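Keep the view open while you read, and turn it as you go.

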Amino acid sequence: MSKLNLTRRGVLQTGVVAGAGLTLPTYLRAESHAGFTNAPTGDTVTLGFNVPQSGPYADEGADELRAYELAVEHLNGGGDGGLLNTFSSKALQGNGILGKKVEYVTGDTQTKSDAARASARSMIEKDGAVMITGGSSSGVAVAVQALCQEAGVIFMAGLTHSNDTTGKDKKANGFRHFFNSYMSGAALAPILAANYGNDRKAYHLTADYNWGYTTEEAVRTSTEALGWETVATVLTPLTQTDFSSYITPILQSDADVLVLNHYGGNMVNSLTNAVQFGLRDRMVNGKQFEIVVPLYSRLMAKGAGANVKGIFGSTNWHWSLQDEGSKAFVKSFGTKYGFPPSQAAHTCYVQALLYADAVERGGSFNPCAVGEALKDFEFDGMGNGPTLYRGEDHQCFKDVLVVKGKENPTSEFDLLEIVEITPVSQVTYDASIFGGELGACNPGA
Amino acid sequence: MEAIILQVLNGLDKGSAYALIALGLTLIFGTLGVVNFAHGALFMIGAFCAVTLSRIISISHEVVDNTQTDFLGNPLKVDVPYVYDWFGQATGDALIDWAVPLSILFAIPVMVGIGVAMERGLIKHFYKRPHADQILVTFGLAIVLQEIIKYFYGANPIPTPAPDAFRGSFDFGAAFGFDPNVIIYPYWRLVYFGFAAIIIGAVFAFLQFTTFGMVVRAGMADRETVQLLGINIDRRFTLMFGIAAAVAGLAGVMYTPINSPNYHMGMDFLVLSFVVVVVGGMGSLPGAVLAGFLLGILESFASMREVLNILPGLNQIIIYLVAIIILLTRPRGLMGRKGVMED
Amino acid sequence: MFGLEKKDARLLILVAVLVAFAPFILNPFPEGSGLAQFNAGYPDLMQRFVIFGIFAIGFNILFGLTGYLSFGHAAFLGVGSYAAMWMMKLLTMNVIPGIVVSVIVAGVFSLAVGWISLRRSGIYFSILTLAFAQMSYSLAYSVLTPLTGGETGLQPKITDPRILDAALAPGATPKANLFGLEMGSSVELGMGSWLFTFNAGYYVAAIVMLVAFYMSIRIFRSPFGMMLRAVKSNQQRLNYTGLNTKPYTLAAFVISGMYAGLAGGLMVAMDTQVGAERMFWTASGEVVLMTILGGVGTLIGPVLGAGAIKYMENILSKINSDILHTWFAFLPDGLEDFVVTLIYPFIGKGWHLTLGLIFMAVVIFLPGGLVEGGQKIAKLFKRKSPVDDSPDGKTTPAE
């Protein structure tokens with residue numbers, strides 16, 4: 001065997017190539033230049049929109065992409081300006097970012113962390129993207145956020161609801177506008193207690209992965225604090241499609257509330273099955289049996305159809321909000337695409353604008369300057385009321401919406417109605433409770 | 001006790017879905033010897049036959065309602081299905097309500113057509129090719145079918161409810177003298193079970209008691225000899241492929257009210273259906289059905305809290321664990337024939 | 001040369017040259033031109049090409065030679081990845097221990113799985129391997145979360161112990177390196193409007209891949225390889241001659257499992273992240289498809305197949321309607337929209353459709369995979385029979 005020879009050969013060859021290369025070039029450089037990764041040099045700047053385009057969340061990804069395209073249009077001064085008109089910071093002029101025209105590249109996360117990172121890396125390495133944003137699950141958000149930290153670009157998370165994203169897995173280069181499990185629990189519990197009473201017995205079905213665990217924990221602790229009892233918690237596999245065998249045991253328990261800590265297809269199926277088994281018509285301990293879905297999205301509500309009627313949950317934003325910001329966003333999105341935006345679209349649009357604004361205020365695309373500008377940034381007019389981008393964990397703090405499935409929808413988009421806008425003070429928590437280390441910002445090369 | 005009865009019911013219900021899909025697959029895979037990775041896609045297309053028919057029935061024209069406004073503040077456009085205009089609102093509603101059962105009639109010709117076209121156009125040329133080639137071509141086909149559905153219907157699940165008449169639950173407790181409201185089971189799931197039993201029975205009867213079935217069985221056992229006898233076995237196999245596609249499709253149609261269909265539901269069932277067929281034993285129709293029910297019931301029991309407290313995560317792996325145990329103790333699955341896909 | 005026949009040595013040298021010059025070959029279009037979209041010469045994708053090449057080469061040793069179709073090889077890749085990641089978290093960010101341990105762990109795991117699964121053959125074997133892989137995936141995603149990170153996977157953290165490394169400078173992030181050479185570091189070469197990137201990680205992976213490729217040639221040409229082929233063509237006859245084939249098939253299984261582990265370890269070394277999806281059945285299916293697409297039982301086929309699938313996944317999926325409009329901007333407006341509408345379903349979010357169509361086209365028109373396509377083209381250009389790297393000259397049925 002001459003394995004060693006071959007290795008040396010490979011090394012030699014590489015050396016020869018590199019040597020030959022050295023004699024030829026018009027320029028040769030290591031990556032470092034301008035002090036940070038992918039510093040825009042021309043009169044344009046490239047942003048990377050990394051959203052699920054295939055797999056179960058493809059429709060949500062498509063909505064995110066629409067929002068990003070709208071944001072780019074507004075940043076470049078096109079359209080009606082959307083939220084630029086209502087945003088409390090007036091740094092953005094509609095002439096791009098720092099005078100550079102905004103361009104974008106898109107990629108497919110497939111809702112898999114490997115594919116998402118491959119796509120994000122190609123945006124950073126090939127297309128020179130200076131910021132990556134988007135995504136529709138926490139697994140992807142955490143993976144891409146870690147990548148951006150390493151590569152030295154900013155990550156503006158899309159839809160990700162797990163505590164981990166700005167908790168144990170937080171990174172200095174990553175920012176999240178969306179709310180999280182903790183906030184869902186804190187916002188939902190009082191409404192549930194007010195509507196269903198303080199002496200309820202809850203049965204949890206929980207998706208068997210990180211997001212499910214944090215959501216169950218949040219809802220359980222905040223409902224127990226108000227006097228509820230947790231009868232049982234059962235973990236269900238992510239790949240489960242038929243939940244009947246998890247639902248029939250509820251008939252034997254004395255639980256009178258079912259909490260479905262499920263998202264996406266899991267939630268659509270588990271809720272559909274629960275309604276099939278007549279849980280909503282059930283009386284236990286002399287009380288009406290109720291179902292709760294901690295995290296709602298419009299697409300999920302659409303998938304579950306009539307089954308969502310009257311069921312409580314929480315969302316980050318909803319198009320029926322009547323503040324100036326929401327109205328402006330719904331108007332420009334609806335005029336362009338013909339239907340109202342989803343919460344995923346909203347958070348992505350806002351994230352794009354917040355990034356642009358932070359660059360403008362910080363005066364540089366350098367991730368450290370952006371991070372500094374976003375740190376403890378307070379703003380308003382983006383549809384969620386006064387909002388704080390907390391410096392300790394890069395999480396946005398804003399009001400949380402408690403919604404319930406609408407009884408008489410007027411269109412296929414009109415599925416949820418707002419029950420209560422929970423004030424931000426009620427959902428704020430101490431940044432240290434989830435552990436994790438933010439680290440220092442990394443500007444890359 | 002009640003818990004166990006309910007889990008048996010769940011198992012039978014899940015099992016009937018598994019058995020139906022596996023039955024179609026085993027007709028193609030276990031007997032024609034074609035590794036058909038597009039079988040899941042056929043199940044999915046069946047489900048979308050139901051979606052399509054309910055869309056066709058509820059094709060609407062817009063009527064402007066000035067009393068309501070849409071999200072942009074313009075007068076609301078209300079969709080009024082044409083069936084309202086033609087048959088009046090009551091009959092129209094009933095038609096829309098019964099879309100899923102009606103889809104059975106729609107799905108049978110569509111699925112047989114797809115199956116026959118698939119066999120004639122593609123699979124026919126692959127009988128003699130290595131299994132590797134069959135995998136690649138049918139997997140490619142599955143992706144293409146799936147993407148076509150995604151292009152027209154999107155990626156989100158589409159709610160397709162059962163008719164109102166089947167919406168409630170049957171109370172076994174009251175019927176058999178237990179406490180009422182403890183052993184209840186949704187009507188539609190019972191319908192699914194019954195439907196599966198009828199289809200499975202029909203396929204068996206067809207193969208067992210008709211001349212056509214006899215020839216097909218002979219062809220499965222020894223294709224060449226049957227051909228030597230001057231029988232055009234190819235044409236019969238084409239039809240069997242069509243029947244297999246129809247069985248998969250009907251399983252899909254009837255499944256839509258249980259879980260909202262989406263474009264990748266076929267892939268979700270694909271691996272499982274292969275496991276069921278192989279655990280049942282290659283080349284055995286009764287084996288596939290038996291394995292379907294067995295795995296369905298075991299899966300249901302493994303999801304009980306009492307079990308999970310002792311063995312956390314068992315519900316994640318039960319199907320595969322059972323498959324391994326069965327294949328190690330019974331070399332050819334439950335009822336496999338010797339020499340089918342063994343080398 | 002290196003104990004290889006002339007023909008094989010030529011192939012090895014050809015592959016080595018292609019791999020060494022990949023940054024040039026894969027970047028044929030100048031920066032800023034419309035076609036630059038098709039350039040694949042950036043570090044991430046080049047790394048993926050060689051890593052999945054290794055994975056497919058290893059898979060082909062089992063499937064191509066013995067005909068045993070494993071449907072659970074992604075499990076070994078995943079296990080290797082987790083092992084490498086834990087080495088990086090506990091020991092050092094140097095990639096060597098991680099890669100070595102990933103191969104060992106994957107070897108042990110594949111020994112266990114192979115020991116059990118190889119008691120059956122044909123489809124029963126495939127389902128057994130599939131079952132083990134699916135169990136690994138499900139458990140890694142759920143109950144093993146403390147060990148695997150579950151949904152969010154594992155990444156190196158600032159707070160990890162890393163007992164062999166010096167403490168990180170304040171503000172620094174842990175980066176995978178080879179004795180200080182960072183895997184992410186690159187040298188860029190600008191020539192006119194062309195830009196070529198030479199990435200340290202890619203060349204490390206490429207060298208490993210060449211070694212792996214060389215070993216696979218040696219295995220293909222060895223008596224051991226001959227024995228494996230004999231298993232494929234008629235195992236019964238071998239048994240009747242009194243030979244116990246199990247040690248051979250098990251060895252092939254473990255070797256190919258170790259290749260998968262190596263690929264998994266390299267993946268972590270190049271991109272410090274591991275998640276459970278890596279073990280899902282679709283990942284196992286992907287390597288099967290790569291091998292068949294390229295050409296089962298051929299030496300270079302699996303690498304080509306891996307390259308083709310990864311290219312489509314990473315390049316096609318990034319073309320959006322905006323880019324299409326810039327490409328066809330020269331057409332009159334109506335025609336431009338028409339052409340864009342026509343192409344749009346096949347790119348961007350529709351890249352799966354193209355992938356499916358290509359699978360079908362290849363298997364229908366090129367029964368031996370891409371390698372046969374290459375041979376057909378070669379035949380067009382020269383009279384004498386082209387380099388035939390499948391030793392028996394044809395791909396035999398493999399089930």
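What follows goes from whole chains to their contacts, and then to some details inside them.

Before anything else, keep in mind that this is a predicted model.

**Two chains by the numbers**

Let's begin with chains B and C.

How does the radius of gyration of chain B fit with a compact globule? A compact globule of 343 residues would come out near 20 Å, and chain B has 22 Å, so the two agree. Chain C tells a similar story: with 399 residues, the value for a compact globule would be near 21 Å, and the chain's 22 Å agrees with that.

Take the contacts in chain B between residues at least 6 apart: 73% of them join residues at least 24 apart. In chain C, among contacts with a separation of 6 or more, 75% are between residues 24 or more positions apart.

**Where the chains meet**

Now for chain A, which touches both of the others. Its contact with chain C takes 58 residues from chain A and 52 residues from chain C. On the chain C side, the elements giving two or more residues are α1 (6-20), α3 (43-66), α6 (122-141), β3 (186-191) and α8 (200-221). Which of them gives the largest share? That is β3(C), with 6 residues. By class, this side of chain C holds 19 nonpolar, 22 polar and 11 charged residues.

The contact between chain A and chain B takes 37 residues from chain A and 38 residues from chain B. On the chain A side, α2, β8 (229-236), α7 (244-252), α8 (264-276), α9 (298-304) and α10 (324-337) each give two or more residues. The largest share is that of α7(A), at 7 residues. This side of chain A splits into 17 nonpolar, 15 polar and 5 charged residues.

**A hairpin in chain C**

Back to β3(C) for a moment. It pairs with strand β4 (residues 194-199) of chain C in the antiparallel sense, over 6 bridges. One bridge puts C:Gly190 with C:Leu195 in β4(C). The two strands form a hairpin with 2 residues between them, and C:Gly192 in the turn has a positive phi of about 60°.

**Inside chain A: two domains**

Chain A is divided into domain 1 (44-179 + 319-398) and domain 2 (182-315). Their centres, taken over C-alpha atoms, are 30 Å apart. Each domain puts 13 residues into the contact between them. On the domain 1 side, α2 (58-75) and α11 (343-362) of chain A are the elements that give two or more residues. That side is made of 4 nonpolar, 6 polar and 3 charged residues.

**Inside chain A: the sheet**

Chain A also has an open sheet of 7 strands with mixed pairing, in the order β8-β7-β9-β12-β13-β17-β18. Which strands sit at the edges? They are β8 and β18 (416-422) of chain A, each pairing on one side only. From one strand to the next, the twist averages 25°.

At the β18 end, strand β17 (residues 400-405) of chain A runs antiparallel to β18(A), and 6 bridges join them. Here A:Leu401 stands opposite A:Ile421 in β18(A). Helix α6 (residues 210-224) of chain A packs on the sheet, touching β7 (201-207), β8, β9 (257-261) and β12 (290-295). The direction of α6 makes about 165° with that of β7(A).

**Inside chain A: a covered helix**

Last stop: helix α12 (residues 367-374) of chain A. Is this helix mostly covered or mostly exposed? Mostly covered, with 6 of its 8 residues buried. Those buried are A:Pro367, A:Cys368, A:Val370, A:Gly371, A:Ala373 and A:Leu374. Their cover includes β5 (154-157), β6 (174-176), α11, β14 (377-379) and β15 (387-389) of chain A. Just after the helix, A:Asp376 takes a positive phi of about 55°.

Technical notes. Residues are numbered from 1 along each chain as its sequence is written. Chains are lettered from A and ligands numbered from 1 in the order in which they are written. This is a predicted model: local features need pLDDT of at least 70, side-chain atom pairs count only at pLDDT 80 or more; totals for chains, interfaces and linings use all residues. Domain bounds come from an automatic or database domain assignment. Two residues are in contact if their C-beta atoms, placed from the backbone, lie within 7 Å. Helices (H or I, at least four residues) and strands (E, at least two) are DSSP runs, numbered from the N terminus. Ala, Val, Leu, Ile, Met, Phe, Trp, Tyr, Cys and Pro count as nonpolar, Asp, Glu, Lys and Arg as charged, and the others, Gly among them, as polar. The radius of gyration is taken over C-alpha atoms; the globule rule is 2.2 Å times the number of residues to the power 0.38. Two strands pair if DSSP finds at least two bridges between them. A residue is buried if 20 or more other C-beta atoms lie within 10 Å of its own, exposed if 12 or fewer, and partly exposed in between; C-beta atoms are placed from the backbone. Axes are lines fitted to C-alpha atoms, for helices over the stretch in contact, and angles run from 0 to 180 degrees between N-to-C directions.
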